[in-house]
Amino acid sequence: GNEAEAILEPANCPDVAGVVAVDQDGALADHSNRGPEALLAAPGGNCYYDRAGGCDYQLTTATNLGLRQPGGAACTTANLDPTFGTSFASPIAAGVAALMLGVHPDLQPEAIYRRLSQGSAPFIGGFGSQTCTTALCGAGMLDARNAAELASLPQVRIVMPQRTDDGRYSIDGSYSSAAAGRT
């Protein structure tokens, strides 16, 4: 959300990874929703209007220039359609999750969330009330490299022990998995 308030649906729902936007300095972006439901923060850009009326600190994005049908491709930070917000931060985090699944296709959602959090970088920027904290922005700032490295670790899933007739316990780890190409 871009209302600068508490995290709303769907990002505050169970099993959903809420992503907060940070600006060019790593601070909580003015527009971003925030709160303890956030998993982590990712680049979301910001818009500070300069003297000429331009929007500074946008994200450069790929776009299609067609108005009513497909047109040419371009990279843009068009001032008519500013490119910043949590709608940029969230897909960046989703893209890193997809990279993680490329490394380890059997990762379960909870393992992806945990590894994204564990691999996040410490918050670096901010001033006054805009400083990110774990209570406002989640575990840290998205770090694609750390997340991909953590994705390469085995996923251990153990089914609750079952007691056998002779009093011993059986542990089932058959749901565990290794990263692609590993055993």
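**Figure 1. The whole chain.** Of the chain's 183 residues, 33% count as buried, where buried means under 20% relative accessible area, exposed means over 50%, and partly exposed is whatever falls in between (1.4 Å probe, protein chains only). This is a predicted model, so local features need pLDDT of at least 70 and side-chain atom pairs count only at pLDDT 80 or more, while totals for chains, interfaces and linings use all residues. Residues are numbered from 1 along each chain as its sequence is written, and side-chain values use heavy atoms, with hydrogens and water left out. There are 4 helices and 8 strands here; these are DSSP runs numbered from the N terminus, with helices being H or I of at least four residues and strands being E of at least two. Start at the N terminus and the elements go β-β-β-β-β-β-α-α-α-α-β-β. Take the contacts (heavy atoms within 4.5 Å) between residues at least 6 apart in sequence: 53% of them join residues at least 24 apart.

Figure 2. In helix H2 (residues 109–118), the buried residues are Ala 111, Ile 112, Arg 115 and Leu 116. They sit on the same side of H2, because they cover an arc of only 130° around the axis; the arc is that of the directions from the helix axis to the C-beta atoms. Packed against these buried residues are strand S2 (38–43), helix H1 (86–103) and helix H4 (144–151).

**Figure 3. The covered face of H4.** Now for H4, whose buried residues are Ala 147, Leu 150 and Ala 151. Looking down the axis of H4, they fall within an arc of 105°, so they line one face of the helix. H1 and H2 are among what covers them.

**Figure 4. Ser 120, in a loop.** Buried or exposed: which is Ser 120? It is buried, with a relative accessible area of 13%. You'll find Ser 120 in the loop between H2 and helix H3 (134–137). Setting aside neighbours within four places in sequence, Ser 120 is in contact with Ala 139, Gly 140, Met 141 and Asp 143. Ser 120 and Ala 144 are 24 residues apart in sequence, and C-alpha to C-alpha they are 8.2 Å apart in space.

**Figure 5. A disulfide, and another cysteine.** Cys 132 and Cys 137 are joined by a disulfide, S to S 2.2 Å. The rule asks for a pair of cysteine sulfur atoms within 2.5 Å, and by it the count comes to 1 disulfide. The torsion about the S-S bond is about -75°, so this disulfide is left-handed. Both Cys 132 and Cys 137 are buried. Cys 13, at 27% relative accessibility, counts as partly exposed.

**Figure 6. The largest pocket.** A pocket is found on a 1 Å grid over the protein atoms alone, as an open set of points where a 1.4 Å probe fits, with protein on both sides within 12 Å along at least five of seven lines. The largest one has a volume of about 320 Å³, that is, the space filled by probe spheres set on points joined across faces, edges and corners. Its lining has 21 residues, and Ala 11, Ala 17, Gly 18, Val 19 and Ser 90 lie nearest the centre; a lining residue has an atom within 4 Å of a point. Strand S1 (18–22), H1 and H2 are the elements that give two or more residues to this lining, and the largest share, 5 residues, comes from H1.
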